[in-house]
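Subject: Structure for you to look at

Dear colleague,

I am handing over the structure we talked about, and below it you will find my notes on what came out of it. Please read them with the model open beside you.

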Amino acid sequence: MKLRVWARDLALGARFAVSGGRPGLLRTLLTATGVGFGVALLLLAASLPHMLFQREVRESVRAVDASREVTGPRPDTFRYFDRATTYRDNVVSALLLQPDGDAPPLPPGATAFPRPGEMLLSPALRDLLDSPEGALLRERLPYEVAGTLGKDGLIGPAELRYVAHVDFLDTGNPDGRGERFGWSVPEEPMNAFLILLVVVACVVLLLPVLVFVATAVRFGGEQRDRRLAALRLVGADAPMTRRIAAGESLAGALLGLLVGAGLFAVARQFAGSFTIWDVNAFPSDVVPLPALAALALVTVPVASVVVTLVALRGVAIEPLGVVRASAPRRRRLWWRLLLLAAGAALLVPLMGRVSVTETSIDTVPVVTGTVLFLIGLTTLLPWLVEAGVKRLHTGPVAWQLAVRRLQLSSGTAARAVSGIVVAATGAIALQMLFQAMEKDFTLPTGGDSSRAQIAFGVHGKTFDEARAINARFARTEGVAEAMSVVEAHAWRPGPLEKGRDSAPATPLRVGDCASLREFAALPACRDGDVFVVLAHGAQGGPDDERITAVARAGATVALRDPHPPEDGPEGRPADAPPPLWKLPAGTKTVDSRPDPTGMYQYGVLATPSAVDTGLLGESYAQSVIRLDPAVPDAADRARNTAAAIDPTAWVKDLKDTEVDAAFSSVRTGILVGSTLTMLLVAASLLVTTLEQLRDRKRLLSSLVAFGTRRSTLSWSVLWQTAVPIALGLALAVAGGLGLGVVLLKAGGQQVQDWWVFLPVVGIGAALIALVTLLSLPALWRLMRADGLRTE
Amino acid sequence: MTSAPLLRATGLDKAYGPTPALAGADFSLRAGEVVAVMGPSGSGKSTLLHCLAGIVRPDAGTIAYDGRDLTALSDRERSSLRRTDFGFVFQFGQLVPELTCAENVALPLRLNGEKRRAAEARAVAWLARLEVDGVAAKRPGEISGGQGQRVAVARALVTAPRVIFADEPTGALDSLNGERVMSLLTEASRDTGAAVVLVTHEARVAAYSDREIVVRDGRVRDAEWAA
Amino acid sequence: MSIGHTLLGLLESGPRHGYDLKRAFDDRFGHDRPLHYGQVYSTMSRLLRNGLVVVDGVEAGGGPERKRYAITEAGITDVAQWLATPEKPEPYLQSTLYTKVVLALLTGRGADGILDAQRSEHLRLMRELTRRKKDGDLADQLICDHALFHLEADLRWLELTAARLDRLAEEVRR
């Protein structure tokens, strides 16, 4: 019975909302749009976990199963090499396949196995190669295009990837042999820290939506008052009237859900076109977590009803008009602080308990704690605004008008601004969390990009081949200087020590003086010199004694392993004596210096004529390349040369720090998200301001009549907007930093930058300006004398 | 009453959209006199007042005030003139609800750059003169309509204006309060030498004037009927 | 109320017989007090005497009721003067004012003027009463208020009439 009454009244209200003429419809649509944007953002945030999880799934489904070692070649096995290359700032992932027989499994996403020398391209890579921007990359991929990689073989629609059938892989390559594609699908979607982020993000997004609904309830103030009074006049009782009013906002909220779902559906179609945090997803992978989505879908309409009922609490709707409690109850502080404290109490014990690598966290205390904290902060705002404006002294007329208005009805202002508090608090806390993560991922590499920008390495090259490689790099356009050495080893000859199964060894690098200087501080160097480089155990390297035990002036070393392991790759018969080399008596001992990649190398450095390079075993050719910054695409030209030398070569960009570009885009994302949320708040603030102005049309006109300047009233509107927003932002900064610290401590992280709130405060200031600017035309229009006319 | 008119309007036209509110209205006001502007509703009474006070610029015609043509002044100049030389009383909705009554009365003085303390002291003195000094610290929402109009009259008089424009000042009041407000307004304006342009449709209110004019269909008619 | 001026005014639209005049008068102004024939004849003979009307013709059968009267130039001026002269403000003036307004319309003269003139006259008295009220004691105030309210009622009726003049004009001229 009770339920039926509720349903009837709510439905009646909903009908008023859509059939209440143009203003009523406009109000409903405004509410729906605001709620819709909020809901869409919310759904997108709730989709993040699944989206990221789905990437991991896709990654593991398409990868070669490396969980078991595949031994012999069979018709259905293949050799493979899985490596990415960099083109400009994009990562191009590659899978090189070389079937052992005629029945290799199809790589995911392929409809047919490419023939030798052919490759399959992802659509994005195909577009890139077809465009002029891809010309340089095309040189790096010497394969015929045979087809397109389907969705199964890709992580996201914008992924750059190719799968090629090659003929140069041997079993010595690092990846080896495979027989099938597809790892086990990971079970736990994400690390705990990410869940923490998403949860906080959702809460941060949900609350402004609710605040918006609460503001929207008050849209169309006077007109709604008249309608509600009319309802009372025709016999509706007070609770019924309230329920009808709630029904009106319910209609807006439900419509908003539809709008939100629609916007979300549209937005996910674009999920593939945007790459944030290197993440770019198939629309079908953008699916909100059911629990979070359900929460949003239930919370928004229920909240719209509850909020309306609460909002009408202090309002007496009488048949002849609506009376607002003239002397509002004094706002009490204790229960607001209690909420805040309860939130903190739930969060603080988590400190240090959530680790980045952990895959599950207890989300309940995090969510409840965060929600309580944010709600507490929001409820604190009206008290703060009230307490704050009470202390403001009157200044110029504009300031006096604004302050007095706030003193008399601080609630309206506080309500509108509370959305900003939530959004700003959340943005600040999230920024802090991300900065901590960013710091984790941004470590100094020790590398020195002023010395070289690209490092290159390839196995199984002789010294002459290394020289040829160096010459090829040196010839490459855009390469200012290339320095190459071959890295072999020197062993101590003679019988093994007791209890050891291999001879002590140390690296032996051969190169010209300029190249050798990259590894050690050489006093003077001429061809024919030899140096022993000691790193003094830096970076976990061996003690100096271990090196000098093998290499010192006058010592003889073996240039091949005198005791090779039985199944070793060295094809030399075990009994043949290894070639020996005597270090010259003038060999100097020098200190190591970090090479361009930041490593302290040790061992023997020899100039070419000091050692018979023909005696060296199979060695590793290393190059570091300094680029000419004036040449466009110099790095990609060098990478092309590297790929031409050996597609399986190791190529690395040298950077001073490993800055993950991803993180700056996340920060941008948070700022964009919080800006959108705050724009939503600004919209409701604007509507409130405009309505308030319209309600005081007469007053404005009479103020103009006795000569009030336009600027006086404009400034008063500015102050009236600025004061609550400023207070709200102050609260948000304090609350956001506090929440951020607690959440960081929960993740065992340190605060990186206390100034993260500056951009958020900047946005807030921009909003003040925006709302004021947008209200001015209406203000000036209303200031015309028309308002004085009675008819 | 033989002095030159303080305010003289000739041939005023004003239209809001397609409907003419004033069509060739003439008007003159001598210093210190109280003139009632009568006429049926919609006849253009208020529009005439708005034009005379420089709130609205007429489409045609001239308004001479104290040797200046109001229609030739800029918006800023007219605003300034209204602050210094004119006072206003409207039917309702003219007091700022957030400000106390004293602050409301002090508002025009403060707009003229007077210090807050001095302005409010003068405001309270005027409230006392209009027998509502008890409401000085109250807000407009907490006082009666009659008190509110007296506060409004105090606000109109506080700058010692030369002309007070009153648009249906008793329109929202009962007879007794209306009479009281009218006698206070006319007495105070006579004492200070302010002229009053009183728009009203009530004869009893118009009876407080020295003479009346009638606006009908946007024209001002002389009281004498020529056959 | 001046019957003579009223009958004169009725004659302005064209010559009429005595009995026509009585019927026209009764239709428009008589209400519950129709004119006696005697009143008509005595009034008309006074008007004849004063040269405000002339006998336009007499129908066969004789008798005063058979005379057709027509207004003279002097008569027209007299009506105009009468209409232009405001009545002394006093309670229960409506019938006179009404007659004046209707006649003004019937004779094609504007009625606004009558109303404005009357309002002016009323206001003159009301100003006087207001001044007396201000200076007098409570009893004076009460007496003045009584008069003021009645005068105001007159004026409000006038305003209402003025607002309805257009419709009235249509009705009267029908």
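In what follows, a residue is called buried when its relative accessible area is under 20%, exposed when that value is over 50%, and partly exposed in between. Please keep in mind throughout that this is a predicted model.

Counted by residues, the contact takes 29 from chain B and 26 from chain A.

Which side chains meet in a salt bridge between these two chains? The rule finds 2 salt bridges across the interface of chain B and chain A, and one of the pairs is Glu103(B) with Arg404(A), whose side chains meet at 2.0 Å, N to O. The rule also finds 9 residue pairs in polar contact across the interface of chain B and chain A, with both residues at pLDDT 80 or more. As for the elements involved, helix H2 (75–85), helix H3 (101–111) and helix H4 (116–129) of chain B each supply at least two residues of the side that touches chain A, and the largest share of that side, 5 residues, comes from H3(B).

Chain A itself has 791 residues, of which 52% are buried, and its secondary structure comes to 20 helices and 18 strands. Among the contacts in chain A with a separation of 6 or more, 82% are between residues 24 or more positions apart. Chain A exposes about 35,100 Å², with carbon and sulfur atoms supplying 60% of it.

On the surface, Leu297(A), Val298(A), Val302(A), Val306(A) and Val310(A) form a nonpolar patch, with about 410 Å² of accessible area together. Of these residues, Val306(A) is found in helix H8 of chain A, residues 290–311, and because its relative accessibility is 44%, Val306(A) counts as partly exposed.

Finally, two backbone details deserve a look. Most residues other than glycine have a negative phi. Asp633(A), however, has a positive phi of about 60° although it is not a glycine; Asp633(A) is placed in the loop between strand S17 (619–627) and helix H16 (634–645) of chain A, and at 26% relative accessibility it counts as partly exposed. Asp66(B), which is not a glycine either, has a positive phi of about 50°; Asp66(B) lies in the loop between strand S4 (60–65) and strand S5 (68–69) of chain B, and with a relative accessible area of 43% it is partly exposed.

With best regards

Technical notes
Residues are numbered from 1 along each chain as its sequence is written. Chains are lettered from A and ligands numbered from 1 in the order in which they are written. This is a predicted model: local features need pLDDT of at least 70, side-chain atom pairs count only at pLDDT 80 or more; totals for chains, interfaces and linings use all residues. Side-chain values use heavy atoms; hydrogens and water are left out. Patches are made of residues with over 30% relative accessible area and no salt bridge: like charges are joined within 9 Å, nonpolar side chains (Val, Leu, Ile, Met, Phe, Trp, Tyr) within 5 Å. Accessible areas come from the Shrake-Rupley method with a 1.4 Å probe; for residues, only the protein chains shown count as cover. A salt bridge is a side-chain nitrogen of Lys or Arg within 4 Å of a carboxyl oxygen of Asp or Glu. Helices (H or I, at least four residues) and strands (E, at least two) are DSSP runs, numbered from the N terminus. Buried means under 20% relative accessible area, exposed over 50%, partly exposed in between (1.4 Å probe, protein chains only). Contact means heavy atoms within 4.5 Å. A polar contact is a pair of N or O atoms within 3.5 Å; within protein, one must be able to donate a hydrogen and the other to accept it, and residues adjacent in sequence count only if both atoms are side-chain atoms.
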